[in-house]
Amino acid sequence: MTMKIVKQLLNRILNKSFGYQIQKVKKKEKTNGYFNSQHLLYETDTVFHTLYDEGIKVTGTPFDTKAVYFSRRRNRFYNTMQFFSQTIGMEGKIIECGCFKGLSSYIMCRYTQSFDVNYTGDDFVIVDSFEGLSQPTSEDSIGQDDQGEDKFFVGGGFFATPMDQVKSALKSFSEISYVKGWVPDVLHQLPDHEYKFVHIDLDLYTPIKGALEYFYPKVVPNGIIVIDDYGSLHWPGAKKAVEEFCEKENIKFLSITSGQGVIYKK
């Protein structure tokens with residue numbers, strides 16, 4: 001008896017007894033060659049995907065179409081842009097704390113440029129050590145080694161990108177302001193601005209908590225703070241920093257599936 005006949009007989013039995021039918025499962029479709037299609041509107045947003053792919057190329061941000069991490073990063077950036085878009089037209093500055101190679105800054109500036117062709121980044125600020133992460137502390141520990149010492153996902157200095165390289169990638173936006181230094185220590189050097197959008201991608205407890213304490217009072221009503229690493233198990237200090245700050249200030253925040261934490265300023 002052939003396999004085809006066996007399947008036909010099994011199908012008849014299942015259909016007659018339970019009303020079921022065996023159907024061939026379709027292979028997952030690919031969209032843009034970067035992720036398995038889930039048939040979501042996000043996948044058809046050609047403006048975002050065009051800007052994202054352009055930004056990857058311009059900034060030299062690492063990317064591998066076969067790695068799941070990079071597909072998830074694309075989703076995270078899409079969410080960031082959705083929140084950022086809510087602040088277009090509002091008064092206040094935009095600030096990026098932790099820029100790595102400048103990808104999210106590039107996308108935000110290019111998106112703003114779609115509303116103002118003459119936009120050159122005059123309301124955009126980047127704060128970064130340009131020497132990688134600061135030193136992690138016990139709050140950032142993901143466990144202990146055999147000697148009882150804290151283990152960290154990566155050590156200080158990781159993700160370092162020189163300022164000149166970031167500036168070169170963002171040269172189309174010549175009026176972006178750059179502040180070099182370690183957060184939170186360097187924040188006192190910033191002019192006394194109000195902010196409509198704050199993007200915090202600092203990974204670690206001390207700089208994230210310091211950034212929240214500094215920027216939240218300066219965020220305009222209806223402004224938004226996005227903390228990239230709130231839900232990442234690689235960065236437990238991020239979750240601790242957000243929750244401690246929000247509990248102290250008695251404010252609510254959103255935790256979304258991309259691992260980000262989001263604060264709306266009322």
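Here are some notes on the salt bridges, strands and aromatic contacts of this predicted model.

1. Ground rules. Residues are numbered from 1 along each chain as its sequence is written, and side-chain values use heavy atoms, with hydrogens and water left out. Because the model is predicted, local features need pLDDT of at least 70 and side-chain atom pairs count only at pLDDT 80 or more, while totals for chains, interfaces and linings use all residues.

2. Salt bridges. With a salt bridge taken as a side-chain nitrogen of Lys or Arg within 4 Å of a carboxyl oxygen of Asp or Glu, the count is eight. Take Asp53 and Arg74, whose side chains meet with N to O at 2.7 Å. Asp53 sits in helix α2 (residues 46–59) and Arg74 in helix α3 (residues 68–85), so the pair links distant parts of the chain, 21 residues apart. Helices here are DSSP runs of H or I with at least four residues, strands are runs of E with at least two, and both are numbered from the N terminus. As for burial (buried is under 20% relative accessible area, exposed over 50%, partly exposed in between, with a 1.4 Å probe and protein chains only), Arg74 is buried at 0%, whereas Asp53 is partly exposed at 27%.

3. Arg76 forms a salt bridge with Asp228, the closest N and O atoms being 3.4 Å apart.

4. Glu244 and Lys209 form a salt bridge, with their closest N and O atoms 2.8 Å apart. The pair joins helix α7 to helix α6 (residues 205–215), 35 residues apart. Glu244 is partly exposed at 26%. Lys240 comes in as well: Lys209, Lys240 and Glu244 are linked in a network of salt bridges.

5. Strand β3. In β3 (residues 93–97), four of the five residues are buried. Two strands pair if DSSP finds at least two bridges between them; β3 runs parallel to β8 (residues 195–200) over five bridges and parallel to β4 (residues 124–128) over four. Ile94 stands opposite Phe197 in β8 and opposite Phe124 in β4.

6. Aromatic pairs. Rings of Phe, Tyr and Trp (its six-membered ring) pair if their centres lie within 6.5 Å, with planes under 30 degrees apart counted as stacked, over 60 as edge-to-face and the rest as tilted. The structure holds 19 such pairs. Tyr52 and Phe63 are edge-to-face, because their centres are 6.5 Å apart and their planes at 70 degrees. Tyr52 is buried at 0%, while Phe63 is partly exposed at 26%.

7. Phe84 lies in helix α3 and Phe197 in strand β8, so the pair ties together parts 113 residues apart in sequence. Phe84 is buried at 1% and Phe197 is buried at 0%.

8. Lysines over rings. A charge sits over a ring if NZ of Lys or CZ of Arg is within 6 Å of the ring centre and within 35 degrees of the ring normal. Lys218 does this over Tyr214, 5.0 Å from the ring centre, and Lys265 over Tyr216, at 4.6 Å.
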